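Good morning. Please look at the sequence and the structure on the screen; I will talk through some charged pairs and then a few strands.

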Amino acid sequence: MNFAFSDEQEELRKAVRRFCEDKSPEAEVRRLMETTEGYDPAVWKQMGDQLGLQGLAIPEEYGGSGYSFVELVVVLEEMGRALLCSPYFSSVGLAANLLLASGDDGAKKEYLPGIAAGTTIATVALAEASGRWDEAGVTLQAAGSGAGWTLTGEKLYVLDGHTASLVLVAARSVAGVSVFAVDRAAPGFTATPLSTMDQTRKQARLTFEGTPARLVGADGGGWAALAKMLDLAAVALAAEQVGGAQKVLEMAVEYAKVRVQFGRPIGSFQAIKHKCADMLLEVESAKSAAYYAGWAAGEDNDELPVVASLAKSYCSEAYFHTAAENIQVHGGIGFTWEHPAHLYFKRAKSSELLFGDPTYHRELLAQRIGI
């Protein structure tokens with residue numbers, strides 16, 4: 001097994017990094033944070049038209065480029081590094097993966113080409129008021145049969161739920177948990193933006209009042225696809241976290257070199273040296289976990305459920321700790337609104353809780369390896 005990135009993958013990384021540096025500088029991130037939509041439609045279109053990022057890991061038969069999950073890891077790492085404000089994670093990391101795992105060829109043919117082209121913004125509505133990410137947490141009611149289904153209930157913490165034109169909803173029918181596709185124009189559907197700590201990643205509350213929906217996959221057979229999507233989403237998020245952790249490490253090291261105190265750069269003091277060394281160790285270990293999980297996802301092998309939880313738990317803690325230490329290295333300026341350190345700190349905290357916190361994933365990991 002070779003876990004090194006190929007020359008082509010490194011070129012992809014360079015292209016995405018240049019794009020993110022150009023389109024997502026700190027000033028643009030702050031501007032988009034203040035908007036309701038949370039992204040720039042022109043940049044979103046460029047991502048699809050010029051770089052083909054939305055369709056990167058979608059099979060060619062559905063309008064994508066047919067690359068593997070490893071390429072997706074590269075892209076998400078760079079997006080996490082730049083805090084790129086876009087519905088990429090919800091459309092590609094969640095919705096596209098759920099459709100691919102659903103086994104519903106008709107739904108794949110209908111929805112995936114739009115996601116791949118960037119013309120469809122999609123998301124997945126799973127969590128509810130309980131805040132759970134497991135099968136038992138799905139209580140939203142689905143009623144009907146055949147082509148005539150309706151949904152009634154509420155979903156929370158839905159990434160980009162207020163801007164998505166397609167929402168894949170986890171709901172419970174008589175047969176069990178199923179997946180349903182809902183158009184944002186459907187009657188009885190309401191999307192309300194939520195106030196969040198991390199303003200770079202928008203979330204919404206979705207309300208369904210007898211909303212018409214299309215069944216995706218088999219009635220009562222939705223949890224297998226949702227579980228697969230959650231594992232892939234955990235790996236995708238770990239890649240994002242690694243990108244952010246690497247960035248805050250670089251910020252801390254650079255500041256330690258240029259900030260002079262008592263006539264010396266603060267990086268020459270042992271306490272700062274130790275902080276930076278510990279951060280480097282955590283970032284490199286997080287990369288190992290995320291890259292291995294990305295390889296397992298790309299190969300779609302039996303290790304995926306185990307390494308997905310391992311990567312999510314470790315990368316969550318590594319990112320949060322390095323983001324916090326970056327603030328400590330910067331001292332007083334690091335606590336201010338004007339400094340970008342807090343943007344990464346808030347992203348690190350929200351990502352730590354998304355799809356289950358590290359304790360939840362360590363418990364999952366223990367169950368999956370039979371402890």
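Arg347 is buried, at a relative accessible area of 3%; buried means under 20% relative accessible area, exposed means over 50%, and partly exposed is in between, with a 1.4 Å probe and protein chains only. This is a predicted model, in which local features need pLDDT of at least 70 and side-chain atom pairs count only at pLDDT 80 or more, while totals for chains, interfaces and linings use all residues. Residues are numbered from 1 along each chain as its sequence is written, and side-chain values use heavy atoms, with hydrogens and water left out.

What does Arg347 form a salt bridge with? The partner is Glu240, and the closest N and O atoms are 3.4 Å apart. A salt bridge here is a side-chain nitrogen of Lys or Arg within 4 Å of a carboxyl oxygen of Asp or Glu. Glu240 is buried too, with a relative accessible area of 7%. Arg347 sits in helix H10 (residues 341–353) and Glu240 in helix H7 (residues 222–258), so this pair links distant parts of the chain, 107 residues apart. Helices (H or I, at least four residues) and strands (E, at least two) are DSSP runs, numbered from the N terminus.

How many salt bridges are there by this rule? The count comes to 26. Another one joins Glu78 and Arg17, with 2.7 Å between the closest N and O atoms. Glu78 belongs to helix H4 (residues 69–82) and Arg17 to helix H1 (residues 7–23), so the pair ties together parts that are 61 residues apart in sequence. Glu78 is buried, at 1% relative accessible area, whereas Arg17 is partly exposed, at 29%.

The next pair is Glu110 and Arg214, whose side chains meet in a salt bridge at 2.1 Å, N to O. Glu110 is in helix H6 (residues 105–117) and Arg214 in strand E7, 104 residues apart. Glu110 is partly exposed at 49% relative accessibility, and Arg214 is partly exposed at 27%.

Arg214 brings us to the strands. Arg214 in E7 is the bridge partner of Ala181. E5 and E7 (residues 203–216) run antiparallel and are joined by three bridges; two strands pair if DSSP finds at least two bridges between them. E5 also pairs with strand E4 (residues 166–173), in the antiparallel sense over eight bridges, and Leu166 has Asp183 in E5 as its bridge partner. Two residues lie between E4 and E5 in this hairpin.

Why is E5 largely enclosed by the rest of the structure? Because seven of the eight residues of E5 (residues 176–183) are buried.
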